[in-house]
Amino acid sequence: MTEHRAHFDAHVTFANGGSLRAEGFRLDVPSGDLQPDDVARLLVRHLGLALVGSVEITGLTIVEEPHVGSRGVGEEDPAGIGDRATRLVDLSHTVREGLVTYPGLPAPTITPFLTRADSVAKYAPGTQFAMDVLTMIGNTGTYLDSPFHRYDGATDLAGLTLDTLVGLPAEVFRLSEVVDPSRGGARGIGAEVFFDRDLAASAVLLQTGWDRHFGAPAYGEPAPFLTEAGAQHLVDAGVALVGIDSLNIDDTDPETSGGARPAHSLLLAAGIHVVEHLTNLGDVPPRGARFTAVPPKVEGFGTFPVRAFAEVPGQNR
């Protein structure tokens, strides 16, 4: 079997400042017909770089040479919990009457259908029940978007399979230093931040820190979001789910978005679930946890609150 190595110069910049230059770098590659963008991804993974802003590859040549074991080429790194004790991290906001999740959408209301006092006449002495009616839009609290939310005739909540919702390998990206408008940072999360990991079949969870504003007016201000390029990269990577602790997976500022929703459009068209308004992602490690977010099995409905949580491995038993 013929093996190939890439020879090139590289300039890497980081989203939180600083840069790295390499001259005459050599890297094992899986084939001889790779483009500079392909080599850039392999370089980031090989060096284990995080929060990459951009990668420029120049002078690229690929030659037939034996591999010397470059990290990230043909390796496997499963994120199984195995036989270890776990702790559970609740990643959902509490739904309560009057909660404003997204500015302009109605808040939930709770109305009694049967009060405990009224139930006294219906049951045996000492037996009481309360039955209440919860009225809310599906986009309340921490919720999941199915493809039906964006596309007529696509898979609704009832059509989602549990294997795409339960126990997904979690890949958490710490981005609060990168996408923080209050500190002058750019709000958009680009493709480059994902280059250092293999994300196939995973739940990609974007920790922006914006959940600190949840329930306050500041939460509705222009917030961090996933760019079109970032969404396309995750589609190409074959992820199972994308979650964010911000106002929306897309840019909702009409001045900058023009009403477009490319992240929703790309992810949901690919059958990738979207979970918005997560919280407590700082309590989940970057790798090694499992993520679950299951909505009710409602036919003809696209979005509904979930109890999202992470299973974080602890010490061996």
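Analyst: A patch is made of residues with over 30% relative accessible area and no salt bridge, where like charges are joined within 9 Å and nonpolar side chains (Val, Leu, Ile, Met, Phe, Trp, Tyr) within 5 Å. A salt bridge is a side-chain nitrogen of Lys or Arg within 4 Å of a carboxyl oxygen of Asp or Glu. The model is predicted, so local features need pLDDT of at least 70 and side-chain atom pairs count only at pLDDT 80 or more, while totals for chains, interfaces and linings use all residues. Residues are numbered from 1 along each chain as its sequence is written, and side-chain values use heavy atoms, with hydrogens and water left out.

User: Which residues form the nonpolar patch on the surface?

Analyst: Phe113, Met131 and Val133 form it, with about 310 Å² of accessible area together. Areas come from the Shrake-Rupley method with a 1.4 Å probe, and for residues only the protein chains shown count as cover.

User: Why is Met131 called partly exposed?

Analyst: Buried means under 20% relative accessible area, exposed over 50%, and partly exposed in between (1.4 Å probe, protein chains only). Met131 has 40%, and is therefore partly exposed. Met131 lies in strand β6 (residues 131-135); strands (E, at least two residues) and helices (H or I, at least four) are DSSP runs, numbered from the N terminus.

User: What makes Arg197 count as buried or exposed?

Analyst: The relative accessibility of Arg197 is 12%, so Arg197 counts as buried. Arg197 is found in the loop between β9 (188-189) and β10 (203-207).

User: Why are β12 and strand β13 said to pair?

Analyst: Two strands pair if DSSP finds at least two bridges between them. Three bridges join β12 and β13 (residues 273-276), in the parallel sense.

User: Which way do the residues of strand β12 point?

Analyst: In β12 (residues 241-244), Leu241 and Gly243 point one way, Val242 and Ile244 the other, and all are buried.
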